[in-house]
Amino acid sequence: MLLGFVFLWLGLAPLQQDTVQMDAVEIYGQNLERFSKGMKVSAVDDRDLENYQSRSLGDLLQETTPIFIRQYGAGMLASPSVRGTSAGHTAVFWNGLPINSPSLGQSDLSILPVQAFDQAQVQYGSNGSFLGNETIGGSILLQSKADFDKGFKAGINTSVGSFGLFNLGLTAGYSNEKVSFKTKIYNLEVENDFPFQDLGLPGTPERNQDHAALSQRGLVQDFSWNVKSNHQLRLSYWWNETDREIQPVMGSAGIDTQRDRNHRAVLDYFIFGQSSTLNFKAGGVFDQQEFNSNLNETDQYFLSADWEKTFSEKFTLKTGARYSRAEGRLSTYTESENRFEAYQSLLFNPGQTLSLSANFRELSYSDGSLPFVPSFGLDWVMHQDNRSQLTLKSSLGRGYKIPTLNDRFWDPGGNPDLNPERSNNAELGFLYSREGDIAFKASTTYYHMLVDDWIIWLPQGSFWSPENIRKVRNQGVEFDFGLDGEVGEFHWEFSGAYNWAKVVALEDFGDEAAGSDRQLPYTPQHQANASLRVERGKVFSYFQGFYTGQRSISTSSSQILLGYQLFNFGLGHKGISIGSVSIPLSFQINNLFNTDYQVLYLRAMPGISYQLNTSITL
Amino acid sequence: MKLNRLFLLFLAFSVVIVSCDSNDPEEPIGQYETGILIMNEGAFGVNDGEVYHLNQRLDELTQNVFETVNARPYAGLLEDIVWIDDRLYLVANTGKVEIVDPGTFESIGAVIGDLDLPRSTDIAAGKMFISDYGPFDANFATPDSYVAVINNVLGGTVRSKIPTSRKPEDLQAVGDFILVAGAEESKLEVIDALSEQVTQSIDVLGNPREFVFVNQALWLYSTAADEVYFHQINTSNFSIQNTVTLPVASATGRIALGNGTEAYLITSSGFPDYIDGVDRVDIASGTVDTDWIEGSGFYGIGFDRVNRELYLANANGFQGNGDVSVYSDSGQFIEEFEVGRAPSGFFFY
């Protein structure tokens, strides 16, 4: 494998000289849609990215996608559950770099501020062959965008809002044909002193949250350089730091604090041929988490090379290899691990209407190997005329999760004999779109997934230890639609989604939960969201709502958290012009009807809140 | 837990009731003042501790009694249930004590705030005393353990804290004194409830866990790696007048008193085999029946002296609901039923 890597590094450098024009996302991203035929992929709408500029990725995904985010309070730990899988079953990538913590095996979406990236995509289902580790339930891909030939640009944006929210962001950039610089700096402060009904106190009085303050700052630096007409270098760096008071569960006193410091850097070098792209990538992810005075640090290093070649209109190949190293200096152990991966992707277009993809990955890590992880998919345009199109998508995929450093090495309890968690995923979907006075698009996906060797930490006398104990069947239907049209001078858009997920343990610890048809805890069977947006000239308004169905709080619990629905409202102007300066202005009301709800048991969430956003762009 | 002690108190209380003037109107027994209360500790970080009620006569199990009656969750990790003077004290190790009417389970008071990791409570000299580990330090040690004092037996705010040895567990009122089972530093401590001072600190063998009454004498149950100890306490001067040492290894500290001088002790081999057992011992004769029951996940134990049945709670790895197995006193399995999360103890009326 290493030889292959060296071969790729040295042997394939001299390529044809012509520049190939490709869409920026396709080049710099993982070419997700191109090579993952038959899988459900959705891009986060740019306007949603704008509306959530002073909020976290967790908030954005909770309110606009069918991903259930387990939120431990306002601004607190937010872990994704895609298609009923656990927090560690979703991989998060930033500019192609996997950024999940190697010790925890997951990302806290509450400390990934939306303002730090330019684009986001969500891929649903297992895709271990193409994306690698931890892509069991799905993957979240975050990207920076590079502009060329735009000259000097600068801006300042601020948000002020309820519960002491104050966000300030500065951006400055310069680009010509050769180079592109962009710098972003942000600082967010939230007191989070929202009123809530304290169910932990006799008489359940309303009181203000007093231990959930948050302060976050960061810097993102992007640099791109067209070294030659067909050579490009890209460098991105992201520093993020979050200090939090940990909001206590109702009934307990808040005393914990947490500080997260994250540095991430990625360097890409591209060599474009007439029908090929060679990419070398090097990256580092450095995480530091201090919980009270307990310090846990992890470093990750990545080195990869891949080559994509289009042999004919019908046939494209991508092949590559990656070396990664994780080092953990945790409060109870110090360990490191090396991983080698090789991957191959084939894209085959036998006709105008049919695309097939196949992906393969081979992986070895310190305690084991996964010799063969395949996936297959197809997109078939079943019907097409000049106004409408119907596409069938179907895929078979596999996902895996290597036991985390904590799973294997935590002292006491770490279990070095754990197997990787594995999943098999099959899905079938239809996409329909129609142009016209009222444009319409809709998609329906059915998926069936089995996750085996699911790792659960169990008490072993005085401490806990992980075991491959659970086997889970996840089945569901995802439906989403979008409509848009014009009425007089108004442009309107209406979109929505509904998800049904049945997630049960076939094998589990204890007799009651397994095979009982009981839904896994904190996994809503029903979820829905809808959004209406109306624009007239530069003025826009939106109204969005989302529903989360009931959840049980443990595998066989009689404690049920009721479903809830929340609504947000926004009104804005895309830019009031004063001379050559444009000033966008928007006003948001979140939780419009002041609904009292808990995402997780006894974790208070804020009621109605207001936010005013403005920016100046030069 | 001091369920057995409470049982004895209840017996004493019953005698008082029986001996009362027969013209006094007798208070009807409340819905929850009969049968068995099952203590479900709940899961760490979730605060879903609750009480289940089992009416054996009607074979009825009522879930989540506290929330059902009071229309709010218990919102804590339920560490201990203590019955004192016809009040039930529900001690949460997440920092509060809720006080309910045993018959109706309606909330009648609480101690909220200024507690850290409460373990148990008792009353002396008209004051409430709460043993508390105190806050964790950076190494998860608890160097600042204490017994908190509250002026009112119906709760209120903590007025003062009496420093104790590390990790005080059970408390036992004897007259105007409070005895403290000082688990980590192997101490029996005596607090004068009037002066609120520790007046004696006695070194004992093992790690003291719980006070129990056997044959109307007060004993302190204490565990060590290979042995357990029953220290008989002279209640006039609080000296240890007798110690029974039994060869019971890996006792967890959970105990239920059985018939006569018998006791049932949970043991656990720990990692990696993780074999749990129940040893039956006789404190008077010193006999030990090792692994009288064997299994895993044993988290709570109780003995119904009326029906002579052993109740053994299994936490099922804290993943979901636990369950309770019932055995006859000859070790015959009778039945099993599902209860709440992490069942950790029982209270028998």
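Predicted model: local features only at pLDDT ≥ 70, side-chain atom pairs only at ≥ 80, totals over all residues.
Residues are numbered from 1 along each chain as its sequence is written, chains are lettered from A and ligands numbered from 1 in the order in which they are written, and side-chain values use heavy atoms, with hydrogens and water left out.

User: How many helices and strands are there in chain B?
Analyst: Helices (H or I, at least four residues) and strands (E, at least two) are taken as DSSP runs, numbered from the N terminus. On that basis chain B holds two helices and 29 strands.

User: Is Ala342(B) buried or exposed?
Analyst: Ala342(B) sits in the loop between strand 28 (333-341) and strand 29 (343-348) of chain B. Buried means under 20% relative accessible area, exposed over 50%, and partly exposed in between, with a 1.4 Å probe and protein chains only. Because its relative accessibility is 0%, Ala342(B) counts as buried.

User: Which residues does Thr199(B) touch, not counting those up to four places away in sequence?
Analyst: Thr199(B) belongs to strand 16 (residues 197-203) of chain B, and at 42% relative accessibility it counts as partly exposed. With contact meaning heavy atoms within 4.5 Å, and with residues up to four places away in sequence left out, Thr199(B) touches Phe177(B), Val190(B) and Asp192(B).

User: Which residue is the bridge partner of Arg70(A) in strand 3 of chain A?
Analyst: Two strands pair if DSSP finds at least two bridges between them, and strand 2 (residues 68-71) and strand 3 of chain A pair in the antiparallel sense over four bridges. These strands form a hairpin with six residues between them, and Gly73(A) in the turn has a positive phi of about 130 degrees. From strand 3 (residues 78-81), Ala78(A) and Pro80(A) point one way and Ser79(A) and Ser81(A) the other, and all are buried. In strand 3, the bridge partner of Arg70(A) is Ser79(A).
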